[in-house]
Amino acid sequence: MAAPGLQHPGFLLANLKVDSPGKTLTQRCRDLAKIIDDHHAKELHAIFSWLAENIFGSLDGILAGWNLRLLHSRCQDFAPVVDFLAPSGPIMKMVYKLQAEEYKYEVPVNYLPAPVRTCIQEGVLPDCPLFHYRTHFPVSGVLTPNLMLNPFEFFMFSFATCLVTPKCFPAGQHGCGGGGGSADSAYFALVDMYLKYFLPTEGSVPPSPFFDSRGPVSAPSPRSANVSLGAYGVHSPSLLKPHIFHQPSVNADPAAQEIWRSETLLQMLVEVWLHHYSLEMYQKLQSPQVKEPFSPSEEHVLAVRVLVKHLHAFSNSPKPEQPASSPTHSHGGPLEEFKRVALQRFVRQKLFLFLQHCFGHWPLDASFRAVLETWLSYVQPWRYADDKGARGGGSDPERWESFVQENLLVYTKLFQVFLNRAMRTDLVNAKNALMLFRVSKVFSQPDLADLIHKAEQLFLEPELVPHHRQPRGYPTPGGQGSGPASARQRAATDAVFRVKSHVYALEGQDCRYSQMFGPELRSQVLKSVRVLAGARQTAKRVSDRCGQAAANRSFLSWLAAPAAADSENALCGVEAEDGGECPKKTHEFLDRALDNLCTIFKLNQGQLTQLVANAASDGDEGESERRPDCVLGEDGPVLTDLGRMQMINGLRRLDVTYRGDPELQPIRSYENAPLVRLLYRLSCLLNAKFEGQMAELCSRRDLAGRLGRRYLGAPAGRRARLCLRPLASYGNILALGVCYVVGALLSLGPVACTFLILAAVLLHGVFVALWEDGRKAR
């Protein structure tokens, strides 16, 4: 390789394309770190786009890159890769070198989330300041516009898009762990590092550690920089002021020079991870049957949860101590202002639409736990506050009152959607019961239900004119409005305005709000409690049966029926992946969930006792054998909504029997498949050869005819025939084997044993035939 000062930029890229594929990730990181140290920004500019694609994969998903989502901590390359991509690592040094020279990089609009792409293509300015002043329309006649991003924005866009772009992993490239991405992958490690570095919960954002000949890297120029938060469309005195991003004065607060990176990171993650559903589409079509072009993966949702948890910790982190003479003392500095508005301005609306889509379209399986925990993490900001004792319903509920008001729909509407979803799942399954228990436990925290109920009452208040909205600190004319009563009135008006603004912004001005503590949902909760109590009874009954089955199983029956374990699991409602988990835990989850629901909605003991009694009668042993609730349709019985709930939760069931040819029914788990097929072919040969003789035997009226009809008979409408399929049952094979072993111990040969077995079967048939004749005679 030529000396850095003499090398053409294109040579460096060509050499990397040739050398990189044959090296390990550790070797690539080592070589790239040396290249970044030795080369100037002009040479690095030529390889930056290729390097981002080589690391994170192509935007179309054809190239998988370094497979960061599959690179786990047990891999040898994990530590070198994470160190290379760390916020203070070589790759970020390269970014800051290019940032100082104000290079730009193109991103086709087609790879942006659908709402942003639609806005740009229609010539409308997106609501996110990140994309303002960055759209570039080619002059060559190409209709597709591009975004022109600075190096830091381009790097973070490539990093964020890596998670949501489906990758075409070549054969053999599935990570050293051999599994899919998880929370211990390099990608999740980097997400955590970037959030802690650029959105710190302690102190300020570290200044850029890399310098060029002109000094430290500062914020982008005003035209390419992020516009102030005031341009986000919200008018509030707490918004960030334009000057904190755009004044490169050497006397300015150092945090003001670095805050643009924090804002860029947050907006990029929110736009790429969450902004896939437009508000207009949500307000028009909220049906779960509506198919959206984008469906998040479980790994995607887990990353969103990491973001939500860190943002709560960031927003509620302690403020640094500042002297009273500090110019930023009154406002707490730009970072503190950013903490106050980060969730409300950038995350709240997009996260609600994201969760709403997941609640309505996610499969009814245990993977919904990832969505559920993301939602529960967002609605519990007190869990991540600096003082862990300040819970939402704990010692200081007033601290979280405004958060509940500003996020009322996240609490109430998603709770109602979850309740409807939970009633459509099998609550006897331990994983589904656990999810219901988790939600009920969170919403039953002290004072949380009261905070939600109070916020709902504020929304139902008549419209109030916010006449007091003026710069605080200036008295009203005549000295009025400065007393305690006026302060309470202002606070009440602020709260009403806060709740109504939140609901109307998401649901529209003509929305019909469904109260969480209104009569409609209360009626639904009573039905749900009855179903829940019935599922609890079913789980208890299944648990008792499971224990009895385990106690009664003998060693011989276990050997004779290998399918017994499967049958027992089916009886107990246990899935194979549960590893034989007993439903006793299910009963405990349902029992505690029932108590929590009664606490949330203040159900009295009389109502609860009656509901449990009704559920117990529905779940009675004799009642469970009856058919579920149905209505008669053109093609026969049709399940009602109540009937479906009864079947899902095991309260009723339909008797399903096979009515076809017994020899052609599916092979059972307790049968030997090759032997079933062999005996079927043998039966067909014997039946074809002796069909006439068997029919004549079965038509006789004497004892021989009755024996023939017993052993050669068939369902009505079918001719007599021999069926050897029972000999393929593992239980019968084991019984025959035991008979031959006993015969060998008694010095009987195989022929003698076979004769004795056939004689015993014949005598059994004669006895049954004579007993049936005696019954008819009586």
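A crossing of two helices is called left-handed if the near helix is turned anticlockwise from the far one by less than a right angle, and right-handed if clockwise. Keep that in mind for the second stop. What you have open is a predicted model, in which local features need pLDDT of at least 70 and side-chain atom pairs count only at pLDDT 80 or more, while totals for chains, interfaces and linings use all residues. Residues are numbered from 1 along each chain as its sequence is written, and side-chain values use heavy atoms, with hydrogens and water left out.

**Stop 1: colour by confidence**

Colour by pLDDT, the predictor's confidence in each residue, from 0 to 100. The protein's mean is 78, and 72% of its residues reach 70 or more. Select residues 465-480, where the pLDDT is below 50. Then go to residues 1-6, where pLDDT stays under 50; the model has seven contacts (heavy atoms within 4.5 Å) for them beyond four places in sequence.

**Stop 2: α4 against α8**

Now select helix α4 (residues 78-85) and helix α8 (residues 186-198); helices here are DSSP runs of H or I with at least four residues, numbered from the N terminus. They pack at an angle of about 35°, with axes 10 Å apart. Those axes are lines fitted to C-alpha atoms over the stretch in contact, and angles run from 0 to 180 degrees between N-to-C directions. The crossing of α4 past α8 is right-handed. Show side chains: Phe78, Val82 and Leu85 of α4 meet Ala186, Ala189, Leu190, Met193 and Tyr194 of α8.

**Stop 3**

**Stop 4: Asn432**

Jump to Asn432 in helix α17 (residues 430-443). Is Asn432 buried or exposed? Asn432 is buried, with a relative accessible area of 12%; buried means under 20%, exposed over 50% and partly exposed in between, using a 1.4 Å probe and protein chains only.

**Stop 5: Leu724**

Finish in the loop between α29 (703-712) and α30 (730-745), where Leu724 sits. Leu724 touches Leu679, Leu682, Ser683 and Leu686, leaving out residues up to four places away in sequence.

Note on methods. Helices (H or I, at least four residues) and strands (E, at least two) are DSSP runs, numbered from the N terminus.
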